[in-house]
Amino acid sequence: MDLAIVDDIRYDGGAGAPGEVEAFLVRPGEAGGPPAPGSCAAILWWHWLDSEAPDGNRSQFREEAVELAGRGVVSLLPQGRFPWSIDPAGSAADSAQVRAEVARLRAGIDLLVARPEVDPRRIAVVGHDYGAMHGIVAAAEDQRVAAIVVIAATPRWSDWNVPFWGLSEAHFDYDRAMQELDPIERIAAVAPRPILLQFGERDWFIAQMSAWGFRRAAGGPDVAELKTYDAAHDIRHPDARSDRLAFLARVLGLAAEP
């Protein structure tokens with residue numbers, strides 16, 4: 001018996017990000033009939049950036065979404081654009097692109113909420129790397145997000161965009177222009193909604209102090225749960241997955257494993 005149906009779809013990015021967004025929509029199987037109205041939780045998964053990894057795209061969390069479909073979860077896994085296919089170019093352009101990416105994410109939440117089987121009070125966002133950074137900004141702006149999982153995010157856009165794309169703009173000027181969109185500045189607005197922070201102890205890109213900084217900025221351990229793993233930036237550790245699924249089950253009130 002299939003526990004999940006996986007649809008390859010396109011949806012409208014909305015007024016803030018015109019154009020179609022490629023995505024996987026993963027939903028519970030209908031062997032026992034369609035889910036009852038309002039019976040399903042929903043998760044929007046925003047993937048990481050690694051051009052050399054086979055899962056550096058919308059497929060990253062597909063396996064987890066299929067597993068959770070068996071527990072009554074509808075998932076949307078969109079394909080990111082900035083900076084996956086749109087390169088950072090300077091603070092003026094990049095601030096507009098961050099806002100557009102967040103608009104695409106929020107349009108995905110619109111899609112989930114519009115589905116009759118989805119309970120709009122039980123929606124979470126899971127993001128890794130750039131996906132986590134965009135996810136924090138989106139959750140800060142959208143109260144429909146009940147909880148968020150932040151995986152290996154860096155506190156400021158300049159941490160990635162200035163050195164890795166070789167921007168000519170001075171680091172200080174870029175920081176000042178992007179400050180209001182920096183994840184470390186926005187995560188407090190997610191509180192008091194539950195936050196799970198997942199970081200790797202062998203992450204070459206992100207210092208351990210960044211994880212502690214995020215927890216402190218979110219409001220401390222009463223709001224943000226911090227988990228670290230013997231892992232690099234990809235956080236490929238079985239405990240990370242199990243901790244993530246346990247957190248989502250708790251905050252979304254998921255059914256027991258089938």
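**View 1. Ala170 sits in a loop between two helices.** Ala170 belongs to the loop that links helix H4 (157-164) and helix H5 (171-178). Helices here are DSSP runs of H or I with at least four residues, strands are runs of E with at least two, and both are numbered from the N terminus. With a relative accessible area of 37%, Ala170 is partly exposed (buried means under 20% relative accessible area, exposed over 50%, and partly exposed in between, with a 1.4 Å probe and protein chains only). Look for Ser158 too: 12 residues separate Ser158 from Ala170 in sequence, and their C-alpha atoms are 9.9 Å apart in space.

This is a predicted model, in which local features need pLDDT of at least 70 and side-chain atom pairs count only at pLDDT 80 or more, while totals for chains, interfaces and linings use all residues. Residues are numbered from 1 along each chain as its sequence is written, and side-chain values use heavy atoms, with hydrogens and water left out.

**View 2. Helix H2 packs against helix H3.** Two packed helices are described by the angle between their axes and the distance between the axes. For H2 (residues 91-114) and H3 (residues 130-141), the angle is about 65° and the axes are 9 Å apart. That makes H2 roughly perpendicular to H3 (65 to 115 degrees; under 35 is roughly parallel, over 145 roughly antiparallel, and the rest oblique). Axes are lines fitted to C-alpha atoms, for helices over the stretch in contact, and angles run from 0 to 180 degrees between N-to-C directions. H2 contributes Val98, Glu101, Val102, Leu105 and Arg106 to the contact, and H3 contributes His134, Gly135, Val137, Ala138 and Glu141 (contact means heavy atoms within 4.5 Å).

View 3. Phe82 and Pro83 are joined by a cis peptide bond with omega near 10°. Pro83 lies in the loop between strand E4 (73-78) and H2. The bond from Ala191 to Pro192 is also cis, with omega about 5°, and Pro192 is in the loop between helix H6 (183-186) and strand E7 (195-200).

View 4. Ala152 is not a glycine, yet its phi is positive, about 50°. Ala152 lies in the loop between strand E6 (147-151) and H4, and is buried, with a relative accessible area of 0%. Ile235, again not a glycine, has a positive phi of about 50°. Find Ile235 in the loop between strand E8 (224-229) and helix H8 (238-252); at 6% relative accessibility, Ile235 counts as buried.
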